[in-house]
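Let's take a friendly walk through a protein chain together. Have a look at the sequence and the structure, and then read on.

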Amino acid sequence: MSMKQGVMYGGLAGAVWGMVFLGPALLSDFPPLLLSCGRFLLYGLVSLLMALPLARGLLRKLVWADVPVLLRLALSGNIIYFVLLAAAIQRVGIAPTSLIIGVLPLTITLLGRNEADAPPLRQLVWPLLAILAGILCINLEALFNVEARSLPLFDQLFGLGCALLALACWSWFATDNACSMKRQQRFNSNEWSLLIGLATGLLAGLIWLGALALDLDVVQPQVAAERWHSFWVINAVLAVVASWLGYVFWNASARRLPLTLSGQMVVFETFFALVYGFIYLQRLPNLLELLAIVLLLGGVCASVWRHSQAPQVAPGSAQALS
């Protein structure tokens, strides 16, 4: 039951994370640092509102050793990651960036291969290859189309470099977050998400204030007033849905699954981004896209079956989402 719940929560996290790639494209006239600060400042405010009824209990369980962990997770999984992601999308576009970020299921699985509850890596070769093939199919046509764009070589290299750094950043975050949650049993998934949100909002606000104090152009774009309205609306949606709700689902999944399997839940982000694209374009998938969907879901299902044959996590290591 715990594994089934973990897969369900992983799918829900992917469903709300699929929209993240649209933000930087819709707000291409805003610098990446400002996009990150705006999104996560609102995420911090949402987390604060959600945490107020639980404040007494959270403060009672919180210890000083949690503070550097929360700040580290807030930087790696939120602020720095989204700056790099936004920079990559604005330089080379959504398709090549999502291709690189889509390798997350492979990198997280490799990082978690030494967990006690993980099956031998050789048993996951074919599921992982199916996932990789699906990701390549999704982006194949888009990658060829990108070549037609007149992008300066520096922009292409810089954008791809940012995407690779974003991949490394979130791979490390997913590993660090899963291990941190399993080491401590004082907070449930929702409480841990709220604490990360509070730390993220605090850091985003401090970075924004610091950049304003230094009079940096990266937080003072020359845009029309209506664009600022779009900035706050889009970031509010990302803050509530993609950040707060997404991390509630993700932490609930990560607590219930071994790292080698929880990492592959990221594939649902790619899948749902594809579905949202079909709805937006009002069309059905073509043969290549349909093949990609089959490979992605087939690879994850095969991996779930492989993990169900491995020794299960000891009872009591998972807590219910509340």
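A residue is called buried when its relative accessible area is under 20%, exposed when that area is over 50%, and partly exposed in between, using a 1.4 Å probe and protein chains only. With that in hand, look at helix α7, residues 104–111, where 6 of the 8 residues are buried, so that the helix is mostly covered. The buried residues of α7 are L104, P105, L106, T107, I108 and T109.

Before going further, a word on what you are looking at. This is a predicted model, in which local features need pLDDT of at least 70 and side-chain atom pairs count only at pLDDT 80 or more, while totals for chains, interfaces and linings use all residues. Residues are numbered from 1 along each chain as its sequence is written, and side-chain values use heavy atoms, with hydrogens and water left out.

Now step back to the whole chain. Its secondary structure comes to 14 helices and 0 strands. Here helices (H or I, at least four residues) and strands (E, at least two) are DSSP runs, numbered from the N terminus. Of the 322 residues of the chain, 52% count as buried.

How do the helices pack against one another? Take α5 (residues 66–92) and α9 (residues 153–183): their axes come within 8 Å and cross at roughly 155°. Axes are lines fitted to C-alpha atoms, for helices over the stretch in contact, and angles run from 0 to 180 degrees between N-to-C directions. The helices α5 and α9 are therefore roughly antiparallel to each other. As for the cut-offs, angles under 35 degrees count as roughly parallel, over 145 as roughly antiparallel, 65 to 115 as roughly perpendicular and the rest as oblique. The crossing of α5 and α9 is left-handed. A crossing gets that name if the near helix is turned anticlockwise from the far one by less than a right angle, and is right-handed if clockwise. In the contact of α5 with α9, the residues divide into 20 nonpolar, 6 polar and 4 charged. For these classes, Ala, Val, Leu, Ile, Met, Phe, Trp, Tyr, Cys and Pro count as nonpolar, Asp, Glu, Lys and Arg as charged, and the others, Gly among them, as polar.

Helix α5 also packs with α3, at an angle of about 135° and with the axes 8 Å apart. These two helices are therefore oblique to each other, and α3 passes α5 in a right-handed crossing.

Stay with α3 for a moment, because Y43 has its place there and is buried, with a relative accessible area of 0%.

On a 1 Å grid over the protein atoms alone, a cavity is a set of points where a 1.4 Å probe fits but cannot get out, and a pocket is an open set with protein on both sides within 12 Å along at least five of seven lines; lining residues have an atom within 4 Å of a point. A search of the whole structure finds 1 cavity of 30 Å³ or more, and the largest cavity has a volume of about 120 Å³. Of the 13 residues that line it, W17, V20, Y81, W170 and Y247 are the closest to its centre. A volume is the space filled by probe spheres set on grid points, which are joined across faces, edges and corners. The largest share of the lining of this cavity, 3 residues, comes from α5.

The second largest pocket holds about 300 Å³ of space. Its lining has 15 residues, with L59, L62, L195, L198 and A199 nearest its centre. By class, that lining has 15 nonpolar, no polar and no charged residues. Helix α10 gives the largest share, 5 residues.

Finally, visit the loop between α10 and α11 (225–256), where D215 is found. Its phi is near 60°, a positive value in a residue other than glycine. At 54% relative accessibility, D215 counts as exposed.
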